[in-house]
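Here are a few friendly notes to read with the model open beside you. Take them one at a time and find each residue as you go.

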Amino acid sequence: MGLNDEVGRRLRELRQQQRLSLSELARRSGVGKGTLSELECGQRNPTLETLYALTTALNSPLSAVLSDHPRHDFEARAEGVSGSAVTAVLIERFEEPPAVTDIFRIRIAAGSVQESAAHIADTSESLMVLAGTAVVGDPAELRTAGPGEYAHWRADAPHVYSAPHGEDVHGILFVRYPQGGAHSGL
């Protein structure tokens, strides 16, 4: 089973667990009903932005729709999800009351900017930069971090990721969700 099939199955399970119709989830997420249907059937390649819109509408972390068996080799892994600037591979999901922490290996493409919508209330993100220089966080309070440095910001408000200095940024992203908003066991 490929990533598209797994993501589709998990999206459908989350939606059904919450007793939401396709139409209602489409309305809540801003994702078209046809797109959602194709995603659930594994017929469409999900983008990072679309998955975040859907999981936020489902009050779930992104890891709830990603593979049970994350691999650790970022370059060889085909199951990463990509947005307009960021490619993310889930490497760990850690659940311990009062929160769920998703850990991603990410790459921000050189010269690019990705605007991310707000996630679940009380969600925060921290980026540990391995290579390159990232400019991230709240657009009104951007943070810059280079190799060996980190940045932390609230992710329950719109935020950005960018690599403005001509080289890809590689890093480890920690996304911490409140346990009440994260559905465990998926």
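Predicted model: local features only at pLDDT ≥ 70, side-chain atom pairs only at ≥ 80, totals over all residues.

1. Residues are numbered from 1 along each chain as its sequence is written, and side-chain values use heavy atoms, without hydrogens and water.

2. The chain has 4 helices and 10 strands (DSSP runs numbered from the N terminus: H or I of at least four residues for helices, E of at least two for strands). Reading from the N terminus, the order is α-α-α-α-β-β-β-β-β-β-β-β-β-β.

3. Of the 186 residues, 49% are buried (under 20% relative accessible area, with a 1.4 Å probe and protein chains only).

4. The largest nonpolar core holds 42 residues (buried Ala, Val, Leu, Ile, Met, Phe, Trp, Tyr and Cys joined through side-chain atoms within 4.5 Å). Helix H4 (residues 48-57) gives the most to this core, with 5 residues.

5. Leu-66 is among the residues with the most contacts inside that core. Leaving aside neighbours within four places in sequence, Leu-66 is in contact (heavy atoms within 4.5 Å) with residues including Leu-3, Leu-51 and Phe-104.

6. Now look at helix H2 (residues 22-29), where Leu-25, Ala-26 and Ser-29 are buried. They line one face of the helix because, seen down the axis of H2, they fall within an arc of 100 degrees (taken from the directions from the axis to the C-beta atoms). Their cover includes helix H1 (3-17), helix H3 (33-40) and H4. Just after H2, Gly-30 has a positive phi of about 80 degrees.

Methods
Buried < 20%, exposed > 50% of the residue type's maximum accessible area, 1.4 Å probe, protein only.
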